[in-house]
Amino acid sequence: MKTILITGAAGDVGTHLRRELAGRYRIRASDRRSFPRIGEESCMRADISRMTDALRITKGVDAVVHLGGYSVEGAWGAILRANIVGGYNVFEAARRNGVRRIVFPSSNHAVGFYRRDQTIDHRVYPKPDSRYGVSKVFGEALGSLYADKYGMEVFCIRIGNVAPRPIDKRRLSIWISPRDLAQLVTIGIEDPRIRFEVVYGVSRNARSWYANANAFHLGYRPKDDAEVFAAEVLAREGAGDSRAEAYQGGSFVVAERIPNPAAPARKRRRRRSR
Ligand code: 15L
C-alpha cells in the first residue's frame with residue numbers, strides 16, 4: 001500500500017478526500033491546525049510556509065496531494081505566504097526527499113475570466129480571476145518546471161467546487177462530488193503515463209464549461225452529474241451581479257475585499273504632519 005501525504009487535510013476538500021481514500025492508501029494528513037484523525041491515518045501539524053516543516057512532512061511518502069494553502073480570494077500577504085511560498089516549499093521539499101509524484105489541486109479560478117458562453121480545455125492560456133487564481137497558476141507553473149527540470153510527475157486538477165451537492169447555478173457547471181474527486185486524485189497518484197498534466201476536476205455535469213478529454217483519456221469516468229439537482233438549485237437562485245454572472249469564476253471576478261495596508265499609514269502620516 002502506498003503512503004500519501006495530504007496537506008491542508010483539515011479543510012473541507014481534505015476531509016472529503018481523506019474519508020474517500022481511507023483504506024486505499026496509508027494516509028499522512030497534515031495541516032497548520034489540529035484536527036481529528038480519520039481511521040488509521042497519521043496526523044502531523046505543519047506550517048508549509050516553513051521549509052523545515054515541508055521537509056519533515058514529505059519525508060518517506062510515495063506521493064503528495066498538496067491541498068494546503070489559502071483557498072479563496074484574500075489579502076496578498078496571506079496568499080503569498082500560504083500559496084506562493086508554501087507551494088514552492090512543498091514542491092522543493094518533495095524533490096529533496098526524492099518524492100516524484102505530486103497531485104496539485106489547482107482551481108477553476110486559474111481560468112475564471114473565461115466567459116460562461118465558452119467551452120475551454122486544458123490547453124487554454126490562464127486567465128485568473130483573482131490573486132488566489134494567480135497563485136494557482138503559479139502552482140501549475142511550478143509543477144511544469146519540476147516535471148521538465150527534475151523529472152517529477154505532476155498532475156494538476158483545476159477543481160470546480162467539491163461538495164456533497166451543487167449549491168447554486170454556477171456550481172451546476174463546476175461541481176464535483178467527493179467520490180469523483182477521489183477517482184481523479186487516484187488517477188493522479190497511480191497512472192504511470194503522467195509526466196505533467198492539467199485536467200478539470202468536475203463531475204459529468206451536463207452544463208460543464210470544460211472539454212475534459214485529457215482526464216477521460218487517462219481513464220476518468222465520473223459517476224455524478226449536477227443536473228440531478230438542477231431544478232431544486234435554480235428554484236432558489238436569486239439575481240446575481242451581472243459581471244460575476246458573465247464569467248466562469250463568478251463572484252471571484254468582482255471580489256475586492258482586500259484591505260489596503262497603505263491607507264491607515266498614510267492617514268497617520270497626514271495626521272502627524274498637521
Ligand atoms: C475554489 O477554488 C475555492 O477553493 C472554493 O472555496 C470555492 O470557492 C470554489 O473554488 C468555487 O469556485 O466554487
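In the predicted model, helix α3 (residues 76–96) packs against helix α4 (residues 131–150) at an angle of about 15°, the two axes lying 10 Å apart. Helices and strands are DSSP runs numbered from the N terminus, with H or I over at least four residues for helices and E over at least two for strands. Axes are lines fitted to C-alpha atoms, for helices over the stretch in contact, and angles between N-to-C directions run from 0 to 180 degrees. The angle makes α3 roughly parallel to α4; this class holds angles under 35 degrees, with those over 145 counted as roughly antiparallel, 65 to 115 as roughly perpendicular and the rest as oblique. The crossing of α3 and α4 is right-handed, a term used if the near helix is turned clockwise from the far one by less than a right angle, anticlockwise being left-handed. On the α3 side the contact (heavy atoms within 4.5 Å) is made by W76, I79, N83, I84, G87, Y88, F91, E92 and R95, and on the α4 side by R131, Y132, S135, F138, G139, L142, G143, Y146 and Y150. By class, the residues of this contact comprise ten nonpolar, five polar and three charged. Here Ala, Val, Leu, Ile, Met, Phe, Trp, Tyr, Cys and Pro count as nonpolar, Asp, Glu, Lys and Arg as charged, and the others, Gly among them, as polar.

The model is predicted, with local features requiring pLDDT of at least 70 and side-chain atom pairs pLDDT 80 or more, whereas totals for chains, interfaces and linings use all residues. Residues are numbered from 1 along each chain as its sequence is written, and side-chain values use heavy atoms, with hydrogens and water left out.

Helix α3 also meets α2, the axes of α2 and α3 coming within 8 Å and crossing at roughly 50°. That angle makes α2 oblique to α3. The crossing of α2 with α3 is right-handed. M51, A54, L55 and T58 of α2 form this contact with Y88, N89, V90, E92, A93, A94 and R96 of α3. Seven nonpolar, two polar and two charged residues make up the contact of α2 with α3.

The strands form an open sheet of seven, in the order β3-β2-β1-β4-β5-β6-β9, with parallel pairing; strands pair if DSSP finds at least two bridges between them. Since β3 (42–45) and β9 (196–201) stand at the edges with a single partner strand each, one side of each has no neighbour in the sheet. From one strand to the next the twist averages 20°. Helix α2 (residues 51–58) lies across β1 (3–7), β2 (26–31), β3 and β4 (63–66) and runs at about 165° to β2. Helix α6 (residues 178–190), in turn, lies across β1, β4, β5 (101–107), β6 and β9, at about 140° to β5.

Strand β6 (residues 153–159) pairs with β9 in the parallel sense over six bridges, and I159 has G201 of β9 as its bridge partner. Seven bridges join β6 to β5, also in parallel, with V103 opposite F155 of β6. In a regular strand the side chains alternate between the two faces of the sheet. In β6, E153, F155, I157 and I159 point one way and V154, C156 and R158 the other. Seven of the seven residues of β6 are buried, where buried means under 20% relative accessible area, exposed over 50% and partly exposed in between, for a 1.4 Å probe and protein chains only.

Three further buried residues were examined individually. P178 is placed in helix α6 and counts as buried at 11% relative accessibility. P178 touches H16, E20, V162, A163 and P164, residues up to four places away in sequence not being counted. The C-alpha atoms of P178 and D31 are separated by 20 Å, at 147 residues apart along the chain. D47, in the loop between β3 and α2, is buried with a relative accessible area of 10%. Y247 lies in the loop between α9 (242–246) and α10 (262–273) and, at 16% relative accessibility, counts as buried. Beyond four places in sequence, Y247 touches G112, F113, Y114, R115, R116 and V253.
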